[in-house]
Amino acid sequence: MRKIEPYFPLSHGVPRVDDRRIISGIIFFIRNGLRWRDAPQDYRPHKTIYNRFIRWSRMGVFNRIFAGLAAKGGKPDQLMIDATHLKAHRTAASLKKRGLRDNDPPDHCLLRCAPRRIGRTKGGLNSKLHAVCDGKGRPMIMLLSEGQMSDFGGAALMIDAFPKAKALLGHKGYDADWFRDALAERKIEACIPSKSNRKVHIPHDTALYRQRYKIEIMFGRHKDRRRIHTGYDRCAQLRQSGQNRQDRCRTDLPLHGFQA
């Protein structure tokens with residue numbers, strides 16, 4: 001708590017409810033995938049936890065915490081990039097697409113304007129989480145997109161945020177000439193296997209490539225949290241905050257940023 005308390009917004013007027021209890025409650029909901037109304041007695045009233053989560057998500061508090069922790073993480077020697085699908089629950093896809101009205105309250109305007117980042121694939125409605133990790137498998141950059149976006153399409157949106165590193169590990173889905181050229185401009189060696197349809201295969205360090213399992217482990221642990229594996233929130237902003245919030249409880253996982 002001492003590491004993240006400086007990033008909390010200041011309390012004006014009536015003192016806030018205990019931050020430790022509220023944050024613990026948010027983690028409990030994300031880990032178990034509960035409805036807010038099903039809060040255990042220790043975390044009641046559930047409306048307090050829900051309001052704090054919504055308010056701090058819109059204020060960008062969780063993103064600022066990640067940025068602050070990332071600044072203390074040091075420079076990585078190597079990067080790993082990958083993506084995974086996150087299932088969208090029926091309730092996450094039920095947001096009405098009607099336009100705004102003059103008498104809509106600000107919260108409703110924000111809700112209708114916020115993107116959902118939910119796409120349709122052969123597996124149904126889902127989103128796609130793109131991530132860049134350091135050599136220890138700690139996430140540094142995360143991007144939430146529609147499920148149909150390709151892996152290298154997400155890489156194109158994140159590449160400007162790549163930190164300096166010696167090498168980047170990725171699977172065959174990232175084998176594109178433009179991506180290799182972009183990494184070369186940043187003096188990052190591409191450790192990416194060549195696709196089978198590439199006419200001239202580009203060699204890669206097979207021993208170094210074996211380290212890519214660390215980002216797969218990161219995704220597996222990330223999706224152990226039920227509210228992350230299956231998105232219940234309608235707005236992408238809230239799903240991002242949920243993922244930020246769950247990783248933030250592990251202060252050894254600094255993030256450089258979370259994009260949408």
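Before going on, a word on the model, which is predicted: local features need pLDDT of at least 70, side-chain atom pairs count only at pLDDT 80 or more, and totals for chains, interfaces and linings use all residues. Residues are numbered from 1 along each chain as its sequence is written, and side-chain values use heavy atoms, leaving out hydrogens and water.

Two strands count as paired if DSSP finds at least two bridges between them. The strands themselves are DSSP runs of E with at least two residues, while helices are runs of H or I with at least four, and both are numbered from the N terminus. Strand β1 also has an antiparallel partner, β3 (residues 124-134), with nine bridges between them. Here A83 stands opposite H130.

A search of the whole structure finds 10 salt bridges, each being a side-chain nitrogen of Lys or Arg within 4 Å of a carboxyl oxygen of Asp or Glu. One of them links K128 and D151, with 2.7 Å from N to O. Because K128 sits in strand β3 and D151 in helix α5 (residues 151-158), this pair ties together parts that are 23 residues apart in sequence. K128 is buried at 8% relative accessible area, and D151 is buried as well, at 16%.

Another salt bridge joins R138 to D134, whose closest N and O atoms are 2.7 Å apart. D134 is buried too, with a relative accessible area of 6%.

Next comes the salt bridge between D160 and R186, where the closest N and O atoms are 3.1 Å apart. D160 lies in the loop between α5 and β5 and R186 in the loop between α6 (177-185) and β6 (189-191), so the contact ties together parts 26 residues apart in sequence. D160 counts as exposed at 67% relative accessibility, whereas R186 is partly exposed at 32%. Elsewhere, D175, D177, R180 and R198 are linked in a network of salt bridges.

The loop that holds R186 also contains K187. K187 has a phi near 60°, a positive value in a residue other than glycine, and is exposed at 74% relative accessibility. A further backbone detail is the cis peptide bond from R44 to P45, with omega near 0°; P45 is found in the loop between α1 and α2 (46-59).

The loop between β3 and β4 (139-146) holds K136, an exposed residue with a relative accessible area of 64%. K136 and M80 are 56 residues apart in sequence, yet their C-alpha atoms are 9.3 Å apart in space.

Finally, look towards the start of the chain. R2 lies in the segment before α1 (19-32) and is exposed, with a relative accessible area of 75%.

Terms used:
Buried < 20%, exposed > 50% of the residue type's maximum accessible area, 1.4 Å probe, protein only.
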